[in-house]
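Thanks for making the time, everyone.

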Amino acid sequence: MTTREKYTHGHHESVLRTHGWRTAENSAPHLLPHLAPGLSLLDVGSGPGTMTVDFAQRVAPARVVGVDASADVVEKAAAHASDRGVSNIEFIVGDAYHLPFSDGEFDVVHTHQTLQHVSDPVAVLREMRRVRANDGLVAAREVDYPAVFWHPESPGLEKWYATYDAVHRGNGGEPAAGRHLKGWALDAGFTEVLAGASVWHFSTDAEREWWGGAWADRALHSEFAKGAIEQGHATSDDLADVSAAWREWAANPRSSLFMPHGEILARG
(Lines give C-alpha, C1' and ligand atoms only; values in the text may rest on other atoms or scores of the structure.)
Protein backbone atom coordinates (compact mmCIF):
# COMPACT_ATOMS: atom_id res chain seq x y z
CA MET A 1 0.00 0.00 0.00
CA THR A 2 1.05 3.60 -0.54
CA THR A 3 0.11 7.01 0.82
CA ARG A 4 -2.86 6.96 -1.58
CA GLU A 5 -4.83 4.92 0.94
CA LYS A 6 -4.92 3.94 4.58
CA TYR A 7 -5.52 0.47 5.93
CA THR A 8 -8.84 0.70 7.76
CA HIS A 9 -8.31 -2.04 10.35
CA GLY A 10 -4.71 -1.46 11.44
CA HIS A 11 -2.85 -4.15 13.34
CA HIS A 12 -4.29 -4.09 16.84
CA GLU A 13 -4.34 -7.46 18.60
CA SER A 14 -8.09 -7.72 18.03
CA VAL A 15 -7.50 -7.47 14.27
CA LEU A 16 -4.66 -9.99 14.15
CA ARG A 17 -6.81 -12.30 16.29
CA THR A 18 -9.21 -12.68 13.37
CA HIS A 19 -6.58 -12.59 10.64
CA GLY A 20 -4.67 -15.40 12.35
CA TRP A 21 -7.76 -17.62 12.11
CA ARG A 22 -7.56 -17.68 8.31
CA THR A 23 -6.31 -20.84 6.67
CA ALA A 24 -6.05 -22.02 3.09
CA GLU A 25 -9.04 -24.25 3.74
CA ASN A 26 -11.43 -21.63 5.14
CA SER A 27 -10.26 -18.67 3.06
CA ALA A 28 -8.99 -19.95 -0.31
CA PRO A 29 -11.39 -22.73 -1.35
CA HIS A 30 -11.32 -21.54 -4.97
CA LEU A 31 -7.53 -21.83 -5.23
CA LEU A 32 -6.77 -25.12 -3.48
CA PRO A 33 -7.67 -27.46 -6.39
CA HIS A 34 -5.12 -25.61 -8.53
CA LEU A 35 -2.14 -25.99 -6.18
CA ALA A 36 0.40 -28.79 -6.53
CA PRO A 37 3.96 -29.53 -5.41
CA GLY A 38 6.48 -27.57 -7.45
CA LEU A 39 4.39 -24.46 -8.17
CA SER A 40 6.01 -21.25 -6.96
CA LEU A 41 3.61 -18.83 -5.27
CA LEU A 42 3.48 -15.17 -4.28
CA ASP A 43 1.01 -14.05 -1.60
CA VAL A 44 0.26 -10.30 -1.82
CA GLY A 45 -0.97 -8.80 1.45
CA SER A 46 0.03 -11.92 3.38
CA GLY A 47 -0.66 -10.54 6.87
CA PRO A 48 0.29 -12.85 9.75
CA GLY A 49 1.09 -15.60 7.24
CA THR A 50 -1.27 -18.36 8.28
CA MET A 51 -2.63 -18.84 4.76
CA THR A 52 0.80 -18.36 3.18
CA VAL A 53 2.34 -21.10 5.30
CA ASP A 54 -0.51 -23.44 4.34
CA PHE A 55 0.20 -22.69 0.68
CA ALA A 56 3.91 -23.36 1.18
CA GLN A 57 3.20 -26.79 2.61
CA ARG A 58 1.00 -27.66 -0.38
CA VAL A 59 3.48 -26.56 -3.07
CA ALA A 60 6.74 -27.63 -1.39
CA PRO A 61 9.54 -27.76 -2.31
CA ALA A 62 8.73 -24.76 -4.54
CA ARG A 63 9.45 -21.21 -3.41
CA VAL A 64 6.72 -19.19 -1.66
CA VAL A 65 6.96 -15.48 -0.82
CA GLY A 66 4.60 -13.39 1.29
CA VAL A 67 4.56 -9.61 0.82
CA ASP A 68 2.97 -7.18 3.27
CA ALA A 69 3.21 -3.44 3.90
CA SER A 70 3.70 -3.83 7.67
CA ALA A 71 7.16 -4.72 8.96
CA ASP A 72 5.74 -5.83 12.33
CA VAL A 73 3.29 -8.19 10.69
CA VAL A 74 5.99 -9.57 8.37
CA GLU A 75 8.06 -10.38 11.46
CA LYS A 76 5.11 -12.20 13.03
CA ALA A 77 4.54 -14.14 9.82
CA ALA A 78 8.17 -15.25 9.66
CA ALA A 79 7.95 -16.44 13.27
CA HIS A 80 4.79 -18.40 12.45
CA ALA A 81 6.53 -20.13 9.53
CA SER A 82 9.46 -21.01 11.77
CA ASP A 83 7.13 -22.38 14.45
CA ARG A 84 5.44 -24.56 11.82
CA GLY A 85 8.80 -25.80 10.55
CA VAL A 86 8.18 -24.56 6.99
CA SER A 87 11.42 -23.65 5.22
CA ASN A 88 10.43 -23.05 1.57
CA ILE A 89 8.99 -19.63 2.44
CA GLU A 90 10.05 -16.04 3.07
CA PHE A 91 8.22 -12.88 4.06
CA ILE A 92 9.22 -9.40 2.93
CA VAL A 93 7.97 -5.84 3.30
CA GLY A 94 6.75 -4.52 -0.02
CA ASP A 95 4.35 -2.34 -1.97
CA ALA A 96 1.57 -4.10 -3.90
CA TYR A 97 1.76 -1.43 -6.59
CA HIS A 98 5.47 -2.09 -7.17
CA LEU A 99 6.26 -5.73 -6.46
CA PRO A 100 10.04 -6.32 -6.26
CA PHE A 101 10.04 -9.25 -8.67
CA SER A 102 10.80 -9.89 -12.32
CA ASP A 103 8.16 -10.43 -14.97
CA GLY A 104 6.76 -13.97 -14.90
CA GLU A 105 8.55 -14.99 -11.71
CA PHE A 106 5.72 -16.99 -10.05
CA ASP A 107 3.39 -19.75 -11.18
CA VAL A 108 0.61 -18.55 -8.85
CA VAL A 109 -0.05 -15.06 -7.44
CA HIS A 110 -2.65 -14.82 -4.68
CA THR A 111 -4.28 -12.10 -2.62
CA HIS A 112 -6.97 -12.19 0.06
CA GLN A 113 -8.83 -9.17 1.50
CA THR A 114 -6.28 -6.74 0.07
CA LEU A 115 -7.88 -5.18 -3.01
CA GLN A 116 -10.71 -3.71 -0.96
CA HIS A 117 -8.20 -1.53 0.89
CA VAL A 118 -6.34 0.02 -2.05
CA SER A 119 -7.45 3.03 -4.04
CA ASP A 120 -6.51 1.46 -7.40
CA PRO A 121 -7.23 -2.28 -7.29
CA VAL A 122 -6.89 -2.56 -11.07
CA ALA A 123 -3.29 -1.34 -10.84
CA VAL A 124 -2.53 -3.93 -8.15
CA LEU A 125 -4.08 -6.71 -10.24
CA ARG A 126 -2.10 -5.52 -13.24
CA GLU A 127 1.09 -5.76 -11.18
CA MET A 128 0.12 -9.24 -9.99
CA ARG A 129 -0.44 -10.21 -13.63
CA ARG A 130 3.02 -8.92 -14.51
CA VAL A 131 4.86 -11.16 -12.04
CA ARG A 132 2.99 -14.39 -12.77
CA ALA A 133 4.20 -16.76 -15.47
CA ASN A 134 2.63 -16.60 -18.94
CA ASP A 135 0.51 -19.67 -18.23
CA GLY A 136 0.22 -18.87 -14.52
CA LEU A 137 -2.76 -18.14 -12.33
CA VAL A 138 -3.86 -15.09 -10.34
CA ALA A 139 -6.34 -15.72 -7.52
CA ALA A 140 -8.20 -13.17 -5.40
CA ARG A 141 -10.93 -13.26 -2.76
CA GLU A 142 -12.67 -10.23 -1.22
CA VAL A 143 -15.58 -9.77 1.16
CA ASP A 144 -18.64 -7.83 0.03
CA TYR A 145 -19.60 -5.82 3.12
CA PRO A 146 -22.95 -4.47 1.84
CA ALA A 147 -24.05 -8.09 1.43
CA VAL A 148 -23.09 -9.09 5.00
CA PHE A 149 -26.15 -9.91 7.09
CA TRP A 150 -26.81 -10.95 10.65
CA HIS A 151 -29.64 -12.22 12.81
CA PRO A 152 -31.39 -11.03 14.89
CA GLU A 153 -31.86 -7.43 13.79
CA SER A 154 -29.73 -5.00 15.77
CA PRO A 155 -29.72 -1.18 15.66
CA GLY A 156 -26.21 -1.30 17.13
CA LEU A 157 -24.90 -3.51 14.33
CA GLU A 158 -26.67 -1.30 11.78
CA LYS A 159 -24.70 1.57 13.29
CA TRP A 160 -21.53 -0.54 13.05
CA TYR A 161 -22.05 -1.22 9.36
CA ALA A 162 -22.87 2.40 8.47
CA THR A 163 -19.80 3.61 10.37
CA TYR A 164 -17.54 0.95 8.92
CA ASP A 165 -18.64 1.68 5.36
CA ALA A 166 -18.01 5.41 5.81
CA VAL A 167 -14.57 4.92 7.38
CA HIS A 168 -13.49 2.36 4.79
CA ARG A 169 -14.51 4.63 1.92
CA GLY A 170 -12.92 7.60 3.67
CA ASN A 171 -9.65 5.67 3.67
CA GLY A 172 -9.81 5.22 -0.12
CA GLY A 173 -11.07 1.64 -0.20
CA GLU A 174 -14.06 -0.23 -1.62
CA PRO A 175 -15.98 -2.28 0.97
CA ALA A 176 -18.10 -3.85 -1.80
CA ALA A 177 -14.97 -5.29 -3.43
CA GLY A 178 -16.35 -8.81 -3.76
CA ARG A 179 -18.81 -7.85 -6.48
CA HIS A 180 -16.20 -5.86 -8.41
CA LEU A 181 -13.49 -8.52 -8.68
CA LYS A 182 -14.37 -9.86 -12.11
CA GLY A 183 -14.64 -6.40 -13.64
CA TRP A 184 -11.40 -5.27 -12.04
CA ALA A 185 -9.60 -8.32 -13.43
CA LEU A 186 -10.90 -7.68 -16.94
CA ASP A 187 -9.82 -4.05 -16.67
CA ALA A 188 -6.36 -5.25 -15.60
CA GLY A 189 -5.95 -7.15 -18.88
CA PHE A 190 -6.89 -10.72 -17.99
CA THR A 191 -8.71 -12.52 -20.78
CA GLU A 192 -9.96 -15.56 -18.83
CA VAL A 193 -11.68 -14.79 -15.53
CA LEU A 194 -13.61 -17.44 -13.62
CA ALA A 195 -15.73 -15.79 -10.91
CA GLY A 196 -17.36 -17.47 -7.94
CA ALA A 197 -18.42 -16.90 -4.35
CA SER A 198 -18.30 -18.46 -0.91
CA VAL A 199 -19.48 -17.49 2.57
CA TRP A 200 -18.06 -17.33 6.08
CA HIS A 201 -20.75 -18.24 8.60
CA PHE A 202 -20.48 -17.68 12.35
CA SER A 203 -23.15 -19.24 14.55
CA THR A 204 -21.84 -21.67 17.19
CA ASP A 205 -21.18 -20.46 20.72
CA ALA A 206 -17.43 -20.47 20.11
CA GLU A 207 -17.72 -18.72 16.74
CA ARG A 208 -19.97 -15.99 18.13
CA GLU A 209 -17.75 -15.42 21.14
CA TRP A 210 -14.66 -15.21 18.94
CA TRP A 211 -16.04 -13.04 16.13
CA GLY A 212 -18.29 -10.83 18.25
CA GLY A 213 -15.64 -10.43 20.93
CA ALA A 214 -13.01 -9.44 18.40
CA TRP A 215 -15.26 -6.82 16.82
CA ALA A 216 -16.34 -5.53 20.22
CA ASP A 217 -12.66 -4.82 20.89
CA ARG A 218 -11.99 -3.49 17.39
CA ALA A 219 -14.85 -1.01 17.78
CA LEU A 220 -12.99 0.56 20.70
CA HIS A 221 -9.27 0.04 20.12
CA SER A 222 -8.38 -0.54 16.45
CA GLU A 223 -7.50 1.91 13.69
CA PHE A 224 -11.13 1.63 12.59
CA ALA A 225 -12.19 3.21 15.88
CA LYS A 226 -9.58 5.94 15.57
CA GLY A 227 -10.59 6.64 11.98
CA ALA A 228 -14.30 6.77 12.85
CA ILE A 229 -13.67 9.54 15.36
CA GLU A 230 -11.08 11.43 13.30
CA GLN A 231 -13.28 11.39 10.17
CA GLY A 232 -16.31 12.51 12.17
CA HIS A 233 -18.42 9.41 11.57
CA ALA A 234 -18.80 8.42 15.23
CA THR A 235 -18.20 9.55 18.77
CA SER A 236 -16.66 7.49 21.53
CA ASP A 237 -20.18 6.92 22.86
CA ASP A 238 -21.31 5.68 19.45
CA LEU A 239 -18.42 3.21 19.35
CA ALA A 240 -19.24 2.04 22.87
CA ASP A 241 -22.77 1.30 21.63
CA VAL A 242 -21.35 -0.64 18.70
CA SER A 243 -19.07 -2.63 20.98
CA ALA A 244 -21.98 -3.46 23.29
CA ALA A 245 -24.08 -4.53 20.30
CA TRP A 246 -21.42 -7.01 19.21
CA ARG A 247 -21.27 -8.50 22.70
CA GLU A 248 -25.07 -8.72 22.83
CA TRP A 249 -25.09 -10.47 19.46
CA ALA A 250 -22.40 -12.90 20.62
CA ALA A 251 -24.27 -13.76 23.81
CA ASN A 252 -27.48 -14.69 21.99
CA PRO A 253 -27.57 -18.42 21.06
CA ARG A 254 -29.97 -17.60 18.21
CA SER A 255 -27.47 -15.28 16.53
CA SER A 256 -25.68 -15.90 13.27
CA LEU A 257 -23.74 -13.86 10.74
CA PHE A 258 -22.99 -14.44 7.06
CA MET A 259 -20.08 -12.83 5.19
CA PRO A 260 -20.24 -13.38 1.40
CA HIS A 261 -17.03 -13.23 -0.63
CA GLY A 262 -16.36 -12.81 -4.31
CA GLU A 263 -13.57 -14.95 -5.78
CA ILE A 264 -11.73 -15.01 -9.06
CA LEU A 265 -9.25 -17.22 -10.87
CA ALA A 266 -7.68 -15.24 -13.70
CA ARG A 267 -5.43 -16.15 -16.63
CA GLY A 268 -4.43 -14.64 -19.93
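Predicted model: local features only at pLDDT ≥ 70, side-chain atom pairs only at ≥ 80, totals over all residues.

**Glutamate 127 and the cores**

Let me start with glutamate 127, which is found in helix H5; helices here are DSSP runs of H or I with at least four residues, strands are DSSP runs of E with at least two, and both are numbered from the N terminus. Residues are numbered from 1 along each chain as its sequence is written, and side-chain values use heavy atoms, with hydrogens and water left out.

Is glutamate 127 buried or exposed? With a relative accessible area of 12%, glutamate 127 is buried, where buried means under 20% relative accessible area, exposed means over 50%, and partly exposed lies in between, using a 1.4 Å probe and protein chains only. Not counting residues up to four places away in sequence, glutamate 127 touches Ala96, Tyr97, His98 and Leu99, contact meaning heavy atoms within 4.5 Å.

In soluble globular proteins, nonpolar side chains tend to be buried together. A nonpolar core, as I use the term, is a set of buried Ala, Val, Leu, Ile, Met, Phe, Trp, Tyr and Cys residues joined through side-chain atoms within 4.5 Å. The largest one here has 29 residues, of which Leu42, Phe101, Val109, Leu125 and Phe190 touch the most other members. The elements that each supply at least two residues of this core include strand S1 (41–44), strand S4 (106–112), helix H7 (177–187) and strand S8 (256–267), while H5 gives the most, with 6 residues.

Valine 109, again leaving out residues up to four places away in sequence, touches Leu42, Val44, Met128, Val131, Arg132, Leu137, Val138 and Ala139. There is also a second, separate core of 28 residues, which includes Phe202, Trp210, Ala234 and Trp246.

**A helix pair**

Helix H3 (residues 50–59) and helix H4 (residues 71–84) pack at an angle of about 40°, with their axes 9 Å apart. The contact is made by Thr50, Val53, Asp54 and Gln57 on the H3 side, and by His80, Ala81 and Arg84 on the H4 side.

**Backbone details**

Most residues other than glycine have a negative phi, and most peptide bonds are trans. Another cis peptide bond, with omega of about -5°, joins histidine 151 and proline 152, the latter being found in the loop between strand S6 (149–151) and helix H6 (155–170).

Glutamine 113, in the loop between S4 and H5, has a positive phi of about 60° although it is not a glycine, and glutamine 113 is buried, with a relative accessible area of 9%.

**Histidine 34**

I will finish with histidine 34, which is found in the loop between helix H2 (24–27) and S1 and, at 36% relative accessibility, counts as partly exposed. Leaving aside its neighbours within four places in sequence, histidine 34 is in contact with Leu39, Leu137, Leu265 and Arg267. Histidine 34 and glutamate 207 are 173 residues apart in sequence and 29 Å apart in space, C-alpha to C-alpha.

Technical notes: Axes fitted to C-alpha atoms, helices over the stretch in contact; angles between N-to-C directions.
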